[in-house]
Amino acid sequence: VRLTSQVEEGTAVEVWLPACQAEGGQDSTVLTMPLSSLPGGHETVVVLSADTDFQSTIESILTTLGYTVLCADSPATSLSMVVRSGVSAIVVDSAVLTAPTVDEINRFLRRRNERLGIVLVGDKPFTWETTPSRLPKPFGLPELSRAVRKSIEGDR
């Protein structure tokens with residue numbers, strides 16, 4: 001799966017599936033990666049994005065990897081989910097980020113004692129209270145699974 005998202009243009013989703021057997025009985029050589037080889041988990045993750053296609057795609061992928069996923073379209077909603085639901089990480093679509101949004105998240109992180117992993121999807125440069133796992137667009141399923149796992153585990 002590869003996601004490409006542009007502000008005010010939308011999100012494109014490419015799903016690459018294994019090729020079927022060629023006609024005439026000839027085998028096609030296809031390299032696939034079993035999901036069991038990707039890092040997953042059982043933690044709760046929030047996906048923060050105003051783009052519902054982005055949210056549902058990330059939700060599907062992370063749910064398949066074993067995570068419980070909650071979706072939010074605003075920082076305030078996502079932060080209240082963190083408080084109510086024992087969230088371990090937030091996947092943030094950089095398209096929703098502004099300096100006041102990042103300041104709001106940073107103030108929240110300073111007030112809380114527990115660690116919260118952040119995966120920043122996109123490349124907007126902001127100063128964070130914690131170091132986010134950065135995931136440039138476009139990205140594939142392996143990159144997403146590793147970034148979420150890294151953000152949850154931190155420096156362990």
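This report walks through the sheet, the helices packed on it and the nonpolar cores of a predicted model.

A bit of housekeeping. Local features need pLDDT of at least 70 and side-chain atom pairs count only at pLDDT 80 or more, while totals for chains, interfaces and linings use all residues. Residues are numbered from 1 along each chain as its sequence is written, and side-chain values use heavy atoms, with hydrogens and water left out.

**The sheet**

Five strands make an open sheet in the order β4-β3-β5-β6-β7, paired in parallel. β4 (68–72) and β7 (133–135) are the edge strands, each pairing on one side only. On average, neighbouring strands here are turned by 20° against each other, direction ignored. Strands (E, at least two residues) and helices (H or I, at least four residues) are DSSP runs, numbered from the N terminus, and two strands pair if DSSP finds at least two bridges between them. Take β3 (residues 44–48) and β5 (residues 89–93): they pair in the parallel sense over four bridges. Within that pairing, Val45 has Ala89 in β5 as its bridge partner.

**Helices on the sheet**

Contact means heavy atoms within 4.5 Å; axes are lines fitted to C-alpha atoms (for helices, over the stretch in contact), and angles run from 0 to 180 degrees between N-to-C directions.

| Helix | Strands touched | Direction angle |
|---|---|---|
| α1 (residues 52–64) | β3, β4, β5 and β6 (117–121) | about 170° with β4 |
| α4 (residues 141–153) | β3, β5, β6 and β7 | about 165° with β7 |

The two helices also pack against each other, at an angle of about 75° with their axes 11 Å apart. That makes α1 roughly perpendicular to α4 (the label covers 65 to 115 degrees). Ile58, Ile61 and Leu62 in α1 meet Leu141, Leu144 and Val148 in α4. By class, this contact has six nonpolar residues, no polar and no charged ones.

**The cores**

A nonpolar core is a set of buried Ala, Val, Leu, Ile, Met, Phe, Trp, Tyr and Cys residues joined through side-chain atoms within 4.5 Å, where buried means under 20% relative accessible area with a 1.4 Å probe, protein chains only. The largest one has 22 residues, and Val45, Ile58, Leu62, Tyr67, Val91, Leu144 and Val148 touch the most other members. β3, α1, β5, β6 and α4 each give two or more residues to this core, with α4 giving the most, five. Leu144 touches Ile58, Ile61, Leu62, Leu135 and Phe139, leaving aside residues up to four places away in sequence. Apart from this core lies another, of 19 residues, including Leu79, Val87, Val102 and Phe108.

Notes
Buried means under 20% relative accessible area, exposed over 50%, partly exposed in between (1.4 Å probe, protein chains only). Angles under 35 degrees count as roughly parallel, over 145 as roughly antiparallel, 65 to 115 as roughly perpendicular and the rest as oblique. Ala, Val, Leu, Ile, Met, Phe, Trp, Tyr, Cys and Pro count as nonpolar, Asp, Glu, Lys and Arg as charged, and the others, Gly among them, as polar.
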